[in-house]
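Here is a short briefing on one protein model, arranged by topic. Please keep the sequence and the structure in view while reading.

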Amino acid sequence: MTLAATGNLVAAAARDGGAVLAFNVITLEHAEGIVAGLEGAGAPGILQISENAVRYHEGRMTALVAACREIAVAARVPVSLHLDHVQDVDLARQVVDQAWRLGITSIMVDAAHLDYADNVATTRDLTRSAHDTTLWVEAELGEIGGKDGAHAPGVRTDPHEAVSFVAATGVDGLAVAVGSSHAMTSATAELDLDLVERIAAEVPVPLVLHGSSGVPAAMLRDAVARGIRKINVGTALNVGYTRQVRDFLDAHDAVTDPRTYLAPARGAVRDAVDRLCTQVFA
């Protein structure tokens, strides 16, 4: 299977009134498990590497990306590579310069922590550079967060501001703050589905939902029906991965070979991805 382009996957989902699932990669086992889960479900998907994951690998982005590329190329379903939550402008420019050599087809420019004017200026400049190399660009407006206040109405994306932001920056996809939050370990978030629908009706680009691990599957289906076209998942994979490692080591305290506990961790990622694809696309 040829490496897919994120823009094509999102566009196909939008044409069908659906969404594409994007999963965060931290270790090689994540990438292998994610693709195995997508293959089991017969669904396309996105492998995404965050700026935090790049930092975890001591800034050596190319090694992890190269591994993901090889796994994606060998996949039996369409899989693309995406750089997620990039706040470091130097890293963003490095991604833009090397993207096609590495197989990356999209990037999220995350300047949402800045005030509105600076968010627009930073996002616009990086989007122009990214478009010169035909990268698909996602940005964020509002505060999805992962800390206190992320569910407060005051930090949610304003539909009218979203229209202006997209026009001013030229982005291809917009991550919106509609009630989800990063790093939730239980699916208890309540999305403002009416807000999703209002933004989707006014904004001319696909909408992206971050923090989807904290959203019940039925609500994810409703969000897709209202206009979400890309669904980001990370924590839900890590919960299963870590549980398998912990349970295995608790039961086998003399084990030293990491393959013995990383294999079931990889299997937990596979099962979580397969299950989520089945639930969301049911």
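**Salt bridges and other local features**

Arg226 forms a salt bridge with Glu197, and their closest N and O atoms are 3.1 Å apart. This pair links distant parts of the chain, since Arg226 is in helix 9 and Glu197 is in helix 8, 29 residues apart. The model is a predicted one.

**Salt bridges**

- Arg226 also forms a salt bridge with Asp194, with the closest N and O atoms 3.0 Å apart.
- That pair, too, links distant parts of the chain: Arg226 lies in helix 9 (residues 217-226) and Asp194 in helix 8 (residues 193-202), 32 residues apart.
- Arg226 has a relative accessible area of 27%, so Arg226 is partly exposed.
- Asp194 is partly exposed because its relative accessible area is 46%, and Glu197 is partly exposed because its value is 40%.
- Another salt bridge joins the side chains of Arg124 and Asp125, at 3.9 Å from N to O.
- Arg124 is partly exposed with a relative accessible area of 25%, and Asp125 is partly exposed with 36%.
- The count for the model comes to twelve salt bridges.

**Residues of strand 3**

- Which residue does the UniProt annotation "active site" cover? The annotation, from an unreviewed entry, covers Asp84.
- Asp84 is placed in strand 3 (residues 79-86).
- Asp84 counts as buried because its relative accessibility is 2%, and buried means under 20%.
- Leaving out residues up to four places away in sequence, Asp84 touches Asn24, Gln48, Ile49, Ser50, Glu51, Met108, His210 and Asn232.
- His82 is also found in strand 3, and His82 is buried, with a relative accessible area of 1%.
- His82 and Ser50 are 32 residues apart in sequence, and their C-alpha atoms are 8.4 Å apart in space.
- Neighbours within four places in sequence aside, the contacts of His82 include Thr6, Ile46, Leu47, Gln48, Ile49, Ser106, Ile107, Met108, Glu138 and Lys230.

**Positive phi angles**

- Most residues other than glycine have a negative phi.
- His85 is not a glycine, yet His85 has a positive phi of about 50°.
- His85 is found in strand 3.
- Is His85 buried or exposed? His85 is buried, with a relative accessible area of 17%.
- Thr134 is not a glycine either, and Thr134 has a positive phi of about 65°.
- Thr134 is found in the loop between helix 6 (116-132) and strand 5 (136-141).
- Thr134 counts as exposed because its relative accessibility is 56%, and exposed means over 50%.

**Packing of helix 4 and helix 5**

- Two packed helices are described by the angle between their axes and the distance between the axes.
- Helix 4 (residues 61-73) packs with helix 5 (residues 89-102) at an angle of about 35°, and their axes are 12 Å apart.
- The crossing in which helix 4 passes helix 5 is right-handed.
- Helix 4 makes the contact with Met61, Thr62, Val65 and Arg69, while helix 5 makes it with Leu91, Gln94, Val95, Gln98, Arg101 and Leu102.
- Sorted by class, the residues in this contact of helix 4 with helix 5 are five nonpolar, three polar and two charged.

Key
Residues are numbered from 1 along each chain as its sequence is written. This is a predicted model: local features need pLDDT of at least 70, side-chain atom pairs count only at pLDDT 80 or more; totals for chains, interfaces and linings use all residues. Side-chain values use heavy atoms; hydrogens and water are left out. Axes are lines fitted to C-alpha atoms, for helices over the stretch in contact, and angles run from 0 to 180 degrees between N-to-C directions. Helices (H or I, at least four residues) and strands (E, at least two) are DSSP runs, numbered from the N terminus. A crossing is left-handed if the near helix is turned anticlockwise from the far one by less than a right angle, and right-handed if clockwise. Contact means heavy atoms within 4.5 Å. Ala, Val, Leu, Ile, Met, Phe, Trp, Tyr, Cys and Pro count as nonpolar, Asp, Glu, Lys and Arg as charged, and the others, Gly among them, as polar. UniProt positions are given in the numbering used here, feature names are shortened, and annotations may be inferred rather than shown by experiment. Buried means under 20% relative accessible area, exposed over 50%, partly exposed in between (1.4 Å probe, protein chains only). A salt bridge is a side-chain nitrogen of Lys or Arg within 4 Å of a carboxyl oxygen of Asp or Glu.
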